[in-house]
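Here is a short report on pockets and cores. Look over the sequence and model first.

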Amino acid sequence: MQSLAFKYFYEVAQQGSLSGASESLHVAVSAVSRQINQLEQRVGTTLFERSARGMRLTVAGQMLLKHVRRVNLETDATFQAIASLQDAVKHPIRLACTQGVAHELVPSVMAQFHLAYPQSRFDVFVSSAKVATERVATGEADIAITFSTTPAENVAVRYSCNAPALAIMSTLHPLAKRKRLFLDDVQKYPLALTDKNTSTFKLYQLACNRTGKWVEPSVYSNHAEALHAYVRDTQAVLFASYVSVSGRLQASGLVAIPIKNTEMHARVVQLQVMQGRELPEIMELFINSVTQRIQEINEQAPS
């Protein structure tokens, strides 16, 4: 269980000052200060930089904060597991994910998982890949499911596989019968693209830089559903991974065609967790379920 010193340390780190921690904990400032001083003596170095503007974590303090967050999460998980022996609580699985997996992959896996484990429940936060990773690193989420074009930092990657961007278009599109396409083929038609913070945009930008030909998309949107509807009813083309669209292609009258440009392949889909954290069994089972579903989808993907 968390020691008093760790509890006070955590609150000072969260509030950024002794007075803020004092108010939050409902204890005297002197009591908070004493615990911090004793903790610094114990670890043999300063944990905070003191200034008139408050308390800022040192490098050592940042390391300790990660440890305290991990301990807090594991303690909570243990209490929940004990309580679940009498069905006193359900298992919360906090997910952070990007739009690309939020519309199909995550809901379908959650539905099947809940049938197998009725006691499970979920809290899903949809954001950019960067925010999803940060939420896992800080303990605000248990598992992140994201697309990534760069190595993940401050998290442990439990599963990773390639997630190239495919050309998605109406089944009535002039290119719909092609087996593979070059980006130049696609750029002859209107483009619909996700916003500039997404991995899909980064892949398109990278491929255009390589070919030396930039074609401005006709439509940008931070909502993938809007792009799918637009593409369905026009000759426009969007880019997405097969993991994102496999469940909706036939029902939406869309097809997915691989793009030969290697830059459009420079992306992975990842399952991320906090470094060093021991997850409850229910979360490990969910990670296995997501992993298995992604592998099944990839086996069906066009190549």
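Helices (H or I, at least four residues) and strands (E, at least two) are DSSP runs, numbered from the N terminus. The model is predicted: local features need pLDDT of at least 70, side-chain atom pairs count only at pLDDT 80 or more, and totals for chains, interfaces and linings use all residues. Residues are numbered from 1 along each chain as its sequence is written, and side-chain values use heavy atoms, without hydrogens and water.

**Pockets.** A pocket is an open set of points on a 1 Å grid over the protein atoms alone, where a 1.4 Å probe fits, with protein on both sides within 12 Å along at least five of seven lines; lining residues have an atom within 4 Å of a point. A volume is the space filled by probe spheres set on the points.

| Pocket | Volume | Lining |
|---|---|---|
| Largest | About 1000 Å³ | 45 residues |

Thr-98, Ser-128, Ala-129, Lys-130 and Phe-147 lie nearest the centre of the largest pocket. H7 gives the most to its lining, five residues. Helix H7 spans 129-137.

**Cores.** A nonpolar core joins buried (under 20% relative accessible area, 1.4 Å probe, protein chains only) Ala, Val, Leu, Ile, Met, Phe, Trp, Tyr and Cys residues through side-chain atoms within 4.5 Å. The largest has 41 residues, and Ile-143 and Phe-286 are among those with the most contacts inside it. Helix H13 (residues 281-300) supplies its largest share, seven residues. A second, separate core of 20 residues includes Phe-201 and Cys-208.

Methods:
Buried means under 20% relative accessible area, exposed over 50%, partly exposed in between (1.4 Å probe, protein chains only).
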